[in-house]
Amino acid sequence: MTNPFSQHGAFSWFELMTTAHDDAKAFYREMFGWELDDQPMPTMPDTPYTVVKVAEQEAAGIMPLLPNMQGVPPHWALYITVNDVDASAKQVEMLGGKVLMTPTDIPDVGRFAVIQDPQGATLNIMTYQMPAASGDI
């Protein structure tokens, strides 16, 4: 199977943003048997982040809604891999969509943007930082 973190157009990550982080963890652990691994977020050390593992594979994250998201209901967000997030953000606008959050770096992960299609649906596009090949410096 192709790696969803390097395949343009692949669904690569899912993230629950919620008002009740611990309650959500308990619900999904019981509902689906997910293994949950709390991990620090280097850019937001006071914000809990839980990585969801299914069959030992990291598949999603659970985190609280951020303070700047007042009024936004809890929701699942999805990430689609793109080859170049900056070029893709420009393409979104050329195709009649909107860029709701300009391309932004996530240290040691990649670069993402939040977009909205012409019908109003939102999603995240992401170019992942790939580990250096062996022998690269």
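Biologist: How many aromatic pairs does the structure hold?
Modeller: This is a predicted model: local features need pLDDT of at least 70, side-chain atom pairs count only at pLDDT 80 or more, and totals for chains, interfaces and linings use all residues. Residues are numbered from 1 along each chain as its sequence is written, and side-chain values use heavy atoms, without hydrogens or water. Rings of Phe, Tyr and Trp (its six-membered ring) pair if their centres lie within 6.5 Å; planes under 30 degrees apart count as stacked, over 60 as edge-to-face, the rest as tilted. The number of aromatic pairs in the structure is eight.

Biologist: The rings of Tyr 28 and Trp 76 have their planes at what angle?
Modeller: The centres of the Tyr 28 and Trp 76 rings are 5.6 Å apart. The pair is edge-to-face because its planes stand at 85°.

Biologist: How many residues apart are Tyr 28 and Trp 76?
Modeller: Helices (H or I, at least four residues) and strands (E, at least two) are DSSP runs, numbered from the N terminus. Tyr 28 sits in helix α1 (residues 21-32), and Trp 76 in strand β5. The pair thus links distant parts of the chain, and the separation of Tyr 28 and Trp 76 is 48 residues.

Biologist: Is Trp 76 buried, exposed or partly exposed, and at what relative accessible area?
Modeller: Buried means under 20% relative accessible area, exposed over 50%, partly exposed in between (1.4 Å probe, protein chains only). Tyr 28 is buried, at 16%. Trp 76 counts as partly exposed because its relative accessible area is 36%.

Biologist: Which residues do ring pairs link into a cluster?
Modeller: Tyr 28 and Trp 76 both belong to the cluster.

Biologist: How many residues apart in sequence are the parts that the pair of Tyr 79 and Phe 112 ties together?
Modeller: The rings of Tyr 79 and Phe 112 form a tilted pair, 6.2 Å centre to centre with 55° between the planes. Tyr 79 is buried, and so is Phe 112. Tyr 79 lies in strand β5 and Phe 112 in strand β7, so the pair ties together parts whose separation in sequence is 33 residues.

Biologist: Which residues that line the largest pocket are the closest to its centre?
Modeller: On a 1 Å grid over the protein atoms alone, a pocket is an open set of points where a 1.4 Å probe fits, with protein on both sides within 12 Å along at least five of seven lines; lining residues have an atom within 4 Å of a point. The largest pocket holds about 1300 Å³, as the space filled by probe spheres set on the points, which are joined across faces, edges and corners. Of its 39 lining residues, the closest to the centre are Glu 15, Met 63, Tyr 79, Ile 106 and Phe 112.

Biologist: Which strands each supply at least two residues of the lining of the largest pocket?
Modeller: β5 and β7 are among them.

Biologist: Which element gives the most to the lining of the second largest pocket?
Modeller: The second largest pocket holds about 240 Å³ of space. Of its 13 lining residues, the closest to the centre are Ser 88, Val 92, Leu 95, Ile 115 and Ile 125. Both α2 (85-94) and β8 supply at least two lining residues. With three residues, the element that gives the most is α2.

Biologist: How far apart in space are Gln 116 and Lys 98, C-alpha to C-alpha?
Modeller: Gln 116 lies in strand β7, and counts as buried because its relative accessible area is 18%. Contact means heavy atoms within 4.5 Å. Beyond four places in sequence, Gln 116 touches Val 92, Gly 97, Lys 98, Leu 100, Ala 121 and Thr 122. Gln 116 and Lys 98 are 18 residues apart in sequence, and their C-alpha distance is 5.1 Å.

Biologist: What is the relative accessibility of Ser 12?
Modeller: Ser 12 is in strand β1. Leaving aside neighbours within four places in sequence, Ser 12 is in contact with Pro 4, Phe 5, Tyr 79, Ile 80, Thr 81 and Tyr 128. Ser 12 counts as buried because its relative accessibility is 6%.

Biologist: What is the relative accessibility of Phe 5?
Modeller: Phe 5 sits in the segment before β1. Its contacts, leaving aside neighbours within four places, are Ser 12, Trp 13, Thr 81, Tyr 128 and Met 130. Phe 5 counts as partly exposed because its relative accessibility is 27%.

Biologist: What is the phi of Glu 56, about?
Modeller: Ala 55 lies in the loop between β3 and β4, and its phi is positive, about 50°, although it is not a glycine. Glu 56 is in the loop between β3 and β4. Ala 55 is exposed at 72%, and Glu 56 is exposed at 70%. Glu 56 is not a glycine, yet its phi is positive, at about 65°.
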